[in-house]
Amino acid sequence: MPYEVKEEKGKDGRKVFLIQKENFLELMTDLRKQGYDHLSLITAVDFRDRIELVYHLQKSESNFELLTVRTVTYDSTIDSVSSIWESANWDEREQYDMMGVVFKGHPNLKRILLPEGWVGYPLRKDYDLSKNQYVNMDDEGNDRVSFDPGDGW
Amino acid sequence: MKTGDAGFITTTLENVLEWGRSNSIWPFTFGLACCAIEMMATQASRLDISRFGSEVFRNSPRQSDLMIVSGTVTKKMAPRLKRLYDEMPYPKYVIAMGVCVIQGGPYNQGYSVVMGVDRVVPVDVYVPGCPPTPEALTHGIMLLQDKIRKREGK
């Protein structure tokens with residue numbers, strides 16, 4: 001392989017791959033070719049100075065054998081895998097919404113749960129919970145977010 | 001058998017209207033979270049709320065009288081809830097079902113949850129619980145009926 005993959009065993013003996021961010025897309029493309037046809041989940045862990053992304057892949061032909069892929073980003077950007085697995089589209093939007101990870105090459109990277117215009121990313125460690133945000137909607141159904149308690153709920 | 005006695009009852013039109021309204025409360029399907037499962041159980045055959053005239057859950061705000069807000073009201077949902085409430089014709093009633101709807105419940109001080117639906121729409125009956133049992137919701141509907149008939153709830 002043209003890139004280096006560190007392999008380790010998880011607590012329950014499952015395979016875990018650690019990969020450099022630069023070679024991440026290459027590895028994922030190869031894994032898809034090896035039969036990992038189901039992207040089970042994408043999640044992210046905030047370590048303040050870096051964000052670790054965790055991908056769970058499954059192989060449907062061998063009883064949904066699970067493989068975990070971990071990668072680390074220091075600038076909150078990572079290559080999108082939505083061209084490899086269609087389901088990554090919404091999973092990546094969720095991580096963008098909650099963690100602020102920017103997926104490069106994503107076809108429609110916008111918030112999926114929170115309304116457009118929300119300030120900050122709620123699952124980050126540095127998110128300020130003391131400042132309440134209020135949501136209102138105009139006649140066309142577009143959300144409006146403000147810090148003013150009189151405008152919205 | 002005809003006896004010749006003219007049997008009649010006197011009442012006021014208002015009483016008749018109240019009696020009619022209280023026995024034909026059509027709820028609006030407003031399941032937002034897990035409380036909706038208990039609301040469905042209330043509507044189903046075991047604790048059939050059609051006994052109180054509320055059997056028809058309408059999916060349109062124009063055809064419903066009662067909004068059972070069952071489930072966590074998020075800040076994103078609140079403006080939509082308000083609009084749907086505004087689209088309901090008078091007379092209209094609201095039941096707040098579950099602690100999330102009453103004051104935020106386990107999501108109290110959460111960043112994305114409205115601390116009580118009474119900040120958005122006026123509430124007639126509060127049904128506490130997490131989730132309330134179908135019996136509790138049935139009791140809530142009976143309290144609402146008493147309220148419509150201007151009687152003190154037991």
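## Polar contacts between the chains

Between chain A and chain B of this predicted model, 5 residue pairs are in polar contact, both residues having pLDDT 80 or more. A polar contact is a pair of N or O atoms within 3.5 Å; within protein, one must be able to donate a hydrogen and the other to accept it, and residues adjacent in sequence count only if both atoms are side-chain atoms.

Strand E8 (residues 134-137) of chain A supplies the largest share of the side of chain A that touches chain B, namely 3 residues. Helices (H or I, at least four residues) and strands (E, at least two) are DSSP runs, numbered from the N terminus. That side of chain A divides into 12 nonpolar, 4 polar and 3 charged residues. Here Ala, Val, Leu, Ile, Met, Phe, Trp, Tyr, Cys and Pro count as nonpolar, Asp, Glu, Lys and Arg as charged, and the others, Gly among them, as polar.

## Extent of the interface

Chain A contributes 19 residues to the contact and chain B 11 residues, contact meaning heavy atoms within 4.5 Å. The area buried between the two chains is about 1300 Å², with 62% given by carbon and sulfur atoms. Buried area is the accessible area (1.4 Å probe) that two parts lose on being put together, summed over both.

## The salt bridge between the chains

The count between chain A and chain B is 1 salt bridge, that is, a side-chain nitrogen of Lys or Arg within 4 Å of a carboxyl oxygen of Asp or Glu. In this bridge Arg80(B) pairs with Asp143(A), the closest N and O atoms being 2.8 Å apart. Arg80(B) lies in helix H3 (residues 78-87) of chain B and Asp143(A) in strand E9 (residues 143-146) of chain A, so the pair joins two chains. Arg80(B) is partly exposed at 24% relative accessibility; buried means under 20% relative accessible area, exposed over 50%, and partly exposed in between (1.4 Å probe, protein chains only).

## Salt bridges within the chains

Over all chains the count is 11 salt bridges. Asp97(A) and Arg111(A) form one of them, at 2.6 Å between the closest N and O atoms. Asp97(A) lies in helix H2 (residues 88-99) of chain A and Arg111(A) in the loop between strand E7 (102-104) and E8, so the pair ties together parts that are 14 residues apart in sequence. Asp97(A) is buried at 0% relative accessible area, and Arg111(A) is buried at 10%.

## Basis of the values

Residues are numbered from 1 along each chain as its sequence is written, and chains are lettered from A and ligands numbered from 1 in the order in which they are written. Local features need pLDDT of at least 70 and side-chain atom pairs count only at pLDDT 80 or more, while totals for chains, interfaces and linings use all residues; side-chain values use heavy atoms, with hydrogens and water left out.
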